[in-house]
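The notes follow in the order I took them.

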Amino acid sequence: MTSAFFTRKRDELVPAPHARGPWSPDMLHGRLLGGLAAQALEERHAEPGLRFARLTVDLFRNSPMLPVTVETTLVRDGRRIRVADAVISTEQGVIARASAVLLRESEQPAGERALVTPAWDEPPPAAPPTEGDGWRPPFDLWWVTPFGEPGRAWMREKHLLVDDEPLTPFVRVALAADFASPLANAQRDGLRFINADYTLTLARLPEGDLVGVESTGHVSAGGVATGQVTMHDPAGPIGFCVVTALANPVIGGGR
């Protein structure tokens, strides 16, 4: 992997130039805030036998390329359920927050379920990703379907998040989940919505470094949109992600 998005300096995380997002050259990419929240929550509140089942990330304020801090709070610690929150701030104030639910692992119930999400029929990519025109994402991206159509894509991180700290499966999928918005909300002439949040739900963590994202729903009216995707790894579906988004000037377009 190449250079990290952030460097630790005392209590702050200082962004590198490639931490910027597609909407503005002076704006931190929202996906990184979800990744930082996931990393901090996992470092401080994970425990063997407890599984991260939900992560909600609220991206309620655009942030320039400023150092950030991440603070976490244990909200509830029960026998089967643990809840923890994270707050991400810069010198200008709070820019994002997150909430995680950890559930105790147990024996899988027997019997057949009436509805089971099937594995998709897209094999892992066999060739390097093709780089398109315009903004180039700071991660490997393989479009399985054309941009703006019911979307399918494979993703793989190529940067570490903070210094030389390894990317865990939970952080990988938290970073990938932000891509639910462009996948569910894009149209053929570009992306006209910017997401305000995302909620990732997981039955299990991804295996390996590839995460697949498949759009499965979009509804919008009056400049407000909601979209949903199914999250995959090469072994099958792992969970879902739902986003809300606001109308915004178009970016991108094409593969």
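**Entry 1: aspartate 163**

I found aspartate 163 in the loop between strand S8 (152-157) and helix H2 (169-177); helices (H or I, at least four residues) and strands (E, at least two) are DSSP runs, numbered from the N terminus. The model is predicted, so I note that local features need pLDDT of at least 70, that side-chain atom pairs count only at pLDDT 80 or more, and that totals for chains, interfaces and linings use all residues. Residues are numbered from 1 along each chain as its sequence is written, and side-chain values use heavy atoms, with hydrogens and water left out.

I read a phi near 45 degrees for aspartate 163, a positive value in a residue other than glycine. Most residues other than glycine have a negative phi. Aspartate 163 is partly exposed, with a relative accessible area of 27%; the classes are buried under 20%, exposed over 50% and partly exposed in between (1.4 Å probe, protein chains only).

**Entry 2: the loop between S1 and S2**

I looked up arginine 10 in the loop between S1 and S2. Arginine 10 has a positive phi of about 60 degrees, although it is not a glycine. Its relative accessibility is 86%, so I logged arginine 10 as exposed.

Aspartate 11 sits in the loop between strand S1 (6-9) and strand S2 (12-15). Aspartate 11 is also exposed, at a relative accessible area of 69%. Leaving aside neighbours within four places in sequence, I list Val68 and Thr69 as in contact with aspartate 11, contact meaning heavy atoms within 4.5 Å. I also took the C-alpha separation of aspartate 11 and valine 171: 20 Å, for residues 160 apart along the chain.

**Entry 3: the second largest pocket**

I noted a volume of about 650 Å³ for the second largest pocket. A pocket is an open set of points on a 1 Å grid over the protein atoms alone, where a 1.4 Å probe fits, with protein on both sides within 12 Å along at least five of seven lines; lining residues have an atom within 4 Å of a point. Grid points are joined across faces, edges and corners, and the volume is the space filled by probe spheres set on the points.

Of the 23 lining residues, Arg51, Gln108, Leu202, Ala203 and Arg204 are the closest to the centre of this pocket. S12 gives the most to the lining, with four residues.

**Entry 4: annotated range**

The unreviewed UniProt entry annotates residues 20-101 as "domain: Acyl-CoA thioesterase-like N-terminal HotDog"; such annotations may be inferred rather than shown by experiment. Over residues 20-101 I read 20% helix and 45% strand, with the end C-alpha atoms 29 Å apart.
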